[in-house]
Amino acid sequence: MQTDIKDTYLKSVKTLCPNVTENELSQFVSKLTVKELKKKDLFLHSGKIQKEIGFITTGLVRSFFVNQNGDEINVGFYAEGDYVTHYPAFITQKPVRYSIQCLEPTTLVCLSYENMQWIYENLPGFERYGRLIAEEILKRQQARIESFIFETAEERYLDFIKYHPTIFNRISLSNLCSFLGIERQTLTRIRQRLTHK
């Protein structure tokens with residue numbers, strides 16, 4: 001079972017880094033662990049140092065923080081094929097500001113910070129992999145920031161449906177509202193308006 005899970009992950013690695021050798025891949029695999037979490041389990045606690053980065057093979061998680069009023073504010077949803085991390089805090093090994101919680105039973109292939117450093121030092125083919133992952137995470141963060149600067153609530157909602165069709169029906173309306181930065185009644189009005197268009 002664990003071999004199948006790691007193979008799923010390795011396919012994504014080979015897609016990004018086709019020139020990595022079989023020897024490098026086998027050394028890379030030896031540094032991986034598999035973690036199985038239940039719905040509502042936390043992969044990452046706010047205020048703690050993230051010891052490992054996770055790749056989702058099955059399941060769905062959310063990234064959130066608790067504001068001054070005690071409300072949980074969602075900042076991201078991640079499903080199969082996504083990485084689970086608060087990357088800036090992970091690479092600096094500083095305490096994270098977010099918690100990451102499973103919305104479904106989730107299986108992750110994990111790589112510790114120490115093993116990641118070993119891989120960069122000993123398997124040069126994986127430096128490209130690390131750079132591409134960092135670039136993807138940066139692009140997502142920038143898109144999220146700009147969505148609040150340049151888009152209306154309705155545009156953010158439509159973008160979410162367009163870019164996350166596989167998870168749109170897997171999250172609750174309250175989680176979606178929190179992510180979009182709108183009240184529940186506002187989302188209801190938006191959906192009614194779109195239905196009548």
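User: A salt bridge is taken here as a side-chain nitrogen of Lys or Arg within 4 Å of a carboxyl oxygen of Asp or Glu; which residues are linked in a network of salt bridges?

Analyst: This is a predicted model, in which local features need pLDDT of at least 70 and side-chain atom pairs count only at pLDDT 80 or more, while totals for chains, interfaces and linings use all residues. Residues are numbered from 1 along each chain as its sequence is written, and side-chain values use heavy atoms, with hydrogens and water left out. The structure holds 9 salt bridges, and the network links D82, E136, K139 and R140.

User: Which residue forms a salt bridge with R140 at 3.7 Å between the closest N and O atoms?

Analyst: R140 also meets the side chain of D82 in a salt bridge at 2.7 Å, N to O, a pair that links distant parts of the chain, since D82 is in the loop between β5 (72-79) and β6 while R140 is in helix α5, 58 residues apart (helices, H or I, of at least four residues and strands, E, of at least two are DSSP runs, numbered from the N terminus). The partner at 3.7 Å is E136.

User: Is D82 buried or exposed?

Analyst: Buried means under 20% relative accessible area, exposed over 50% and partly exposed in between, with a 1.4 Å probe and protein chains only. R140 at 36% is therefore partly exposed, as is E136 at 37%. D82 has 14% relative accessibility and so counts as buried.

User: Which residue of β8 stands opposite E52?

Analyst: Two strands pair if DSSP finds at least two bridges between them, and on that basis 4 strands form an open, antiparallel sheet in the order β1-β8-β3-β6, with β1 and β6 (83-84) as edge strands that each pair on one side only. β3 and β8 pair over 6 bridges. E52 itself is buried at 17% relative accessible area, and the residue opposite it in β8 is S112.

User: How many residues are in the largest nonpolar core?

Analyst: A nonpolar core is a set of buried Ala, Val, Leu, Ile, Met, Phe, Trp, Tyr and Cys residues joined through side-chain atoms within 4.5 Å. In the largest one, Y9, F28, F126 and Y129 have the most contacts inside it, and the elements giving two or more residues include α1 (2-16), α2 (22-29) and α5 (126-150). Apart from it lies another core of 17 residues, among them A79 and C177, whereas the residue count of the largest is 25.

User: Which residues make the nonpolar surface patch of about 350 Å²?

Analyst: Patches are made of residues with over 30% relative accessible area and no salt bridge, like charges being joined within 9 Å and nonpolar side chains (Val, Leu, Ile, Met, Phe, Trp, Tyr) within 5 Å; the areas come from the Shrake-Rupley method with a 1.4 Å probe, and for residues only the protein chains shown count as cover. F150 lies in helix α5 and counts as exposed because its relative accessibility is 63%. The patch is made by I145, I149 and F150.
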